[in-house]
Amino acid sequence: MNYPLLLVTSENHIATIIINRPDKLNALNMDVIAQLGACMQQLESDADIRAIILTGSGEKAFVAGADISEFAHFNVEQGRTLAAKGQKTLFDVVENLRTPVIAAVNGFALGGGLELAMSCHIRVASDNARMGLPEVSLGVIPGYGGTQRLPLLIGRGRANELITTAQMLKAQPACDAGLVNYVVPQEDLLNKCKEIALKIAANSPTAVGYALQAVNAGFDSSQNGFNEEVELFGKAFGTADFKEGTTAFLEKRKPNFKGE
Ligand code: COA
């Protein structure tokens, strides 16, 4: 499949996706959303890929938001469809991917950009990163899951303040609030993400996928997270990776996981 707005590479079981619209600060237009959603699903089905790093091109922005020029003239129904389609084709896809996605937040992550980073499983920010949900300053609200995922990450009070003031958080306060896991100098950002990805890649890809599924179930009101954990725990016992992992431990050697 061809993704003209993305740069996709892979090495050592780790895929890196760069959103490549630097002249528009990597703003998410409908083409980027469609390509990124399809690319994520393709990488998930690639047995060689065990972790994905997502970042933006250039040194200024991860993603500066949804592309404002695309929706400025939309009516009520078009606005509703934009949010619903975006959530379905990209944001929910990323969050529910079996392969962990690490957001390398290399600059502005605003609006849809922060919502995209929040859909990822892990976030690392460069020291020049700025994060916020400025939608109310445009007369709209976050529509790609921001009102739901931000309170889960930083708590309702802090989320309410960030959303209603439309202010940006610098990298270190974002880290202190739990929005990102680490802050590193910009030149170290991809290496830090690769370091995390390599640790993930050493584990059973099947178990990693089940674990993410169980975590997500706890945040899904239609599921019981504890019951889902029991089911997935049991299911893991039927996998080749479980046999390999436990056998390798007893034989005092490193496991050689193959995934499903
Ligand atoms: N949608 C569409 N285009 C965008 C964009 C967005 N969300 N964010 C930036 N761009 C474009 C600008 O229009 C500009 O294009 P141009 O050169 O053709 O005029 C280009 O990217 C560079 O942006 P610019 O505003 O000149 O850079 P800056 O350094 O002065 O400011 C930001 C950077 C991020 C503060 C500013 O671009 C901004 O506020 N962007 C919108 C953020 C936002 O509200 N996002 C939420 C959308 S729901």
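User: Where is His-13 found?

Analyst: In this predicted model, His-13 sits in the loop that runs between β1 (6-11) and β2 (14-19). The residue has a positive phi of about 70° although it is not a glycine.

User: What makes His-13 count as partly exposed?

Analyst: Its relative accessibility is 31%. Buried requires under 20% and exposed requires over 50%, so His-13 falls in between and is called partly exposed.

User: Where does Ala-166 lie, and why does Ala-166 count as buried?

Analyst: Ala-166 lies in the loop between α6 (156-165) and β9 (169-170). Its relative accessibility is 19%. The limit for buried is under 20%, so Ala-166 is classed as buried. Ala-166 is not a glycine, yet it has a positive phi of about 60°.

User: How do you know that the side chains of Asp-92 and Arg-149 meet in a salt bridge?

Analyst: The N to O distance is 3.1 Å. The rule asks for a side-chain nitrogen of Lys or Arg within 4 Å of a carboxyl oxygen of Asp or Glu, so the pair of Asp-92 and Arg-149 qualifies. Asp-92 belongs to helix α3 (residues 76-95) and Arg-149 to helix α5, so the bridge ties together parts 57 residues apart in sequence. By this rule the count comes to six salt bridges.

User: What makes Glu-95 and Arg-149 a salt bridge?

Analyst: The closest N and O atoms of Glu-95 and Arg-149 are 2.7 Å apart. With the limit at 4 Å, the pair therefore counts as a salt bridge. Glu-95 is in helix α3 and Arg-149 in helix α5, which places the partners 54 residues apart, in distant parts of the chain.

User: Why is Arg-149 called buried, and why is Asp-92 called partly exposed?

Analyst: Arg-149 has a relative accessible area of 9%, and under 20% means buried. Asp-92 has a relative accessible area of 30%, which lies between 20% and 50% and therefore means partly exposed. Glu-95, at 24% relative accessibility, also counts as partly exposed.

User: How do you know that the side chains of Glu-244 and Arg-253 meet in a salt bridge?

Analyst: The N to O distance is 2.7 Å, and the cut-off is 4 Å, so Glu-244 and Arg-253 are a salt bridge. At 17% relative accessibility Glu-244 counts as buried, whereas Arg-253, at 35%, counts as partly exposed.

User: What makes Ile-68, Leu-138 and Val-140 a patch on the surface?

Analyst: These three residues form a nonpolar patch, with about 250 Å² of accessible area together. Membership needs over 30% relative accessible area. Val-140, at 37%, passes and counts as partly exposed. Val-140 lies in the loop between β8 (130-132) and α5 (146-154).

User: Which residues around the ligand come nearest?

Analyst: Of the 16 residues around the ligand, Lys-24, Lys-60, Ala-64, Ala-66 and Ile-68 come nearest. By class, the shell has nine nonpolar, two polar and five charged residues.

Notes:
Residues are numbered from 1 along each chain as its sequence is written. This is a predicted model: local features need pLDDT of at least 70, side-chain atom pairs count only at pLDDT 80 or more; totals for chains, interfaces and linings use all residues. Side-chain values use heavy atoms; hydrogens and water are left out. Patches are made of residues with over 30% relative accessible area and no salt bridge: like charges are joined within 9 Å, nonpolar side chains (Val, Leu, Ile, Met, Phe, Trp, Tyr) within 5 Å. Accessible areas come from the Shrake-Rupley method with a 1.4 Å probe; for residues, only the protein chains shown count as cover. Helices (H or I, at least four residues) and strands (E, at least two) are DSSP runs, numbered from the N terminus. Buried means under 20% relative accessible area, exposed over 50%, partly exposed in between (1.4 Å probe, protein chains only). A residue is near a molecule or strand if one of its heavy atoms lies within 4 Å of it. Ala, Val, Leu, Ile, Met, Phe, Trp, Tyr, Cys and Pro count as nonpolar, Asp, Glu, Lys and Arg as charged, and the others, Gly among them, as polar.
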